[in-house]
Amino acid sequence: MDLLEVVGCPECKANLTPTNPILTRSGRVKSAVLLCEQCDRIAGEVRNFRCDFLHFNRHLVAERARYSRGTTILTGDVREVDIGYDDRRLVTTGNWVDWDQKYRMTEGNNGESIALHGAFTDLGARLLKHPWSGKVLFRIDGRDVGQVDLYQPELSTVEWFEIATDLPIGHHVVEIIAMGTRHPNSQGTQVFLERMVATCLDASAEDSRIRRPTDMTRVLPYWDESIALWDDVPTNGAILDCGGGDRTIADDRYVNVEFVPYQYPNVYGDTLNLPLKSDSFDLVISQAVLEHVRNPFVAVDEIWRVTKPGGVVWAGMAFLQPVHAVPSHYFNATAWGIEELFRKFRIDHIGWSGGLSFTMEWLMKTAGIPQKLPTADYQELLAKMQSLDKLISVEELKGVASGVNVLAVKT
Ligand SMILES: [Zn+2]
């Protein structure tokens, strides 16, 4: 599926015109400004094959749109090259060490750097944010292009940073440089690199597509019930993962639309205002997303709009789950609640999952009980709760399940 055939203006849902595009040798759009002629405005951009309607720099994109360069055609195909933290191609200055078989890290003295030298056009990096992190500078070919504060008050999360986009063909150097400075609340100036990902021109490649080498999932795996539905989608059909998180599937029918600027989504867009044309998808999957949107009724209306007549939707969401992904956790639903959300559809099945002990264990974890009880006591409690699961019928579980789900058809 060509992504540009399904994306549309988030406001009016009309066709978008790719302006000043950079194309691969075979005509695939690597980057472009996306204009909505109906709204007479810039709706978004294509940046390294991803459509972005949320996180793009409107000022820069307007500049790009103003000066007509026409179409640029690359002399080859492109491929993504993954450069892990321990890759020999990374050049460091200062004291970097391997950490936990996951990262290359430094305590972050000013000027300590990690760099990639090579022939690439785009480069992104995955860096750890945590309570001991400091600030870093990004530098391309000796020019400072931005800085980020990697401090966050709780937990550790790896985030994706796009550093270079559409550099001229040729050799480049991208450096990530510790600044030796930090947020006042940070306990350190550390920098952790997990990987860099470079987009390289590959003149030898005959294949015109940028290959997604394998399926990659950094979020919950798919439920078996939703995966089973893929078989019914024709080879030229379209599957929408609505809020798919940091995931990509090597299937030409697949599109992941996601709000958060993770590495893998194909489209960055808002579930409440999908940048997709109406009646586009044979199958829509929404897994553990609807409890995280501000207005689930509007989100489901949008899912209804982009589903083809006769198309199928599978959605699962939280029922008796404690808060997670705070602060963007808003509304849980009962089995009757999810049915009400999908009232415009024909409902083929309402299901629920997550047994009583699973639900209670999650509640206890969120309340910090494992840290508050002696380990043996907590294990005993868990074992007792697990013994209760067999006393509960499927129908009784409907009232106490962790999650609920729906299989629905747009008629
Ligand atoms: Zn429009």
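Predicted model: local features only at pLDDT ≥ 70, side-chain atom pairs only at ≥ 80, totals over all residues.

Me: Is Arg218 buried, exposed or partly exposed?

Reply: One counts the C-beta atoms around the residue: 20 or more within 10 Å make it buried, 12 or fewer make it exposed, and partly exposed lies in between. Arg218 has 14 other C-beta atoms within 10 Å and is therefore partly exposed.

Me: Which residues does Arg218 touch, not counting those up to four places away in sequence?

Reply: Arg218 touches Gly245, Asp246 and Arg247 on that basis. As for a distance, the C-alpha atoms of Arg218 and Glu154 are separated by 20 Å, and the two residues are 64 apart along the chain.

Me: In which strand does Arg195 lie, and is Arg195 buried or exposed?

Reply: Arg195 belongs to strand E16 (residues 191-202). Arg195 counts as buried because it has 21 C-beta neighbours inside 10 Å. Its contacts, leaving aside neighbours within four places in sequence, are Asp82, Ile83, Gly84, Tyr85 and Arg126. Between Arg195 and Cys51 there are 23 Å in space, C-alpha to C-alpha, and 144 residues in sequence.

Me: Where does Arg47 lie, and what does Arg47 touch?

Reply: Arg47 lies in strand E3 (residues 41-47). Not counting residues up to four places away in sequence, Arg47 touches Ser31, Asp52, Phe56 and Thr165. With 20 other C-beta atoms within 10 Å, Arg47 is buried. Val33 is 14 residues from Arg47 in sequence and 8.7 Å from it in space, C-alpha to C-alpha.

Me: Is Lys308 buried, exposed or partly exposed?

Reply: Lys308, which is found in strand E23, has 16 C-beta neighbours inside 10 Å and so counts as partly exposed. Leaving out residues up to four places away in sequence, Lys308 touches Asp279, Ser280, Phe281 and Asp282.

Me: How should I read the backbone itself?

Reply: Most residues other than glycine have a negative phi, and most peptide bonds are trans. Asp40, although not a glycine, has a positive phi of about 55°. Asp40 is in the loop between strand E2 (29-36) and E3, and is exposed, with 7 other C-beta atoms within 10 Å. Ala288 also is not a glycine and has a positive phi of about 55°. Ala288 lies in the loop between E22 and H4 and counts as buried, with 20 C-beta neighbours inside 10 Å.

Me: Which residues does a cis peptide bond join?

Reply: A cis peptide bond joins Val326 and Pro327, with omega about 5°. Pro327 is placed in the loop between E23 and H5.

Me: Which residues of helix H4 are buried, and why are they on the same side of H4?

Reply: In helix H4 (residues 296-306), the buried residues are Pro296, Ala299, Val300, Glu302, Ile303 and Val306. They cover an arc of only 155° around the axis, and therefore lie on the same side of H4. Among the elements that cover these buried residues are strand E18 (239-242), strand E22 (281-287), strand E23 (307-318) and helix H5 (335-341).

Me: How is a pair of packed helices described?

Reply: Two packed helices are described by the angle between their axes and the distance between the axes. Helix H6 (residues 356-366) and helix H8 (residues 375-388) pack at about 150°, and their axes are 8 Å apart. H6 and H8 are therefore roughly antiparallel to each other. On the H6 side the contact is made by Leu356, Ser357, Met360 and Glu361, and on the H8 side by Leu382, Met385, Gln386 and Leu388. By class, the residues of this contact are five nonpolar, two polar and one charged.

Me: What are the domains of the chain?

Reply: The domain assignment gives domain 1 (1-76), domain 2 (79-202), domain 3 (212-355 + 392-411) and domain 4 (357-391). The centres of domain 1 and domain 2, taken over C-alpha atoms, are 28 Å apart. Six residues from domain 1 and six residues from domain 2 form their contact. The side of domain 1 that touches domain 2 has two nonpolar, three polar and one charged residues.

Key:
Residues numbered from 1 in each chain as written. Domains from an automatic or database assignment. Contact = placed C-beta atoms within 7 Å. Nonpolar A, V, L, I, M, F, W, Y, C, P; charged D, E, K, R; others polar. Helix = DSSP H or I, 4+ residues; strand = E, 2+ residues; numbered from the N terminus. Arc of directions from axis to C-beta. Axes fitted to C-alpha atoms, helices over the stretch in contact; angles between N-to-C directions. Parallel < 35°, antiparallel > 145°, perpendicular 65-115°, else oblique.
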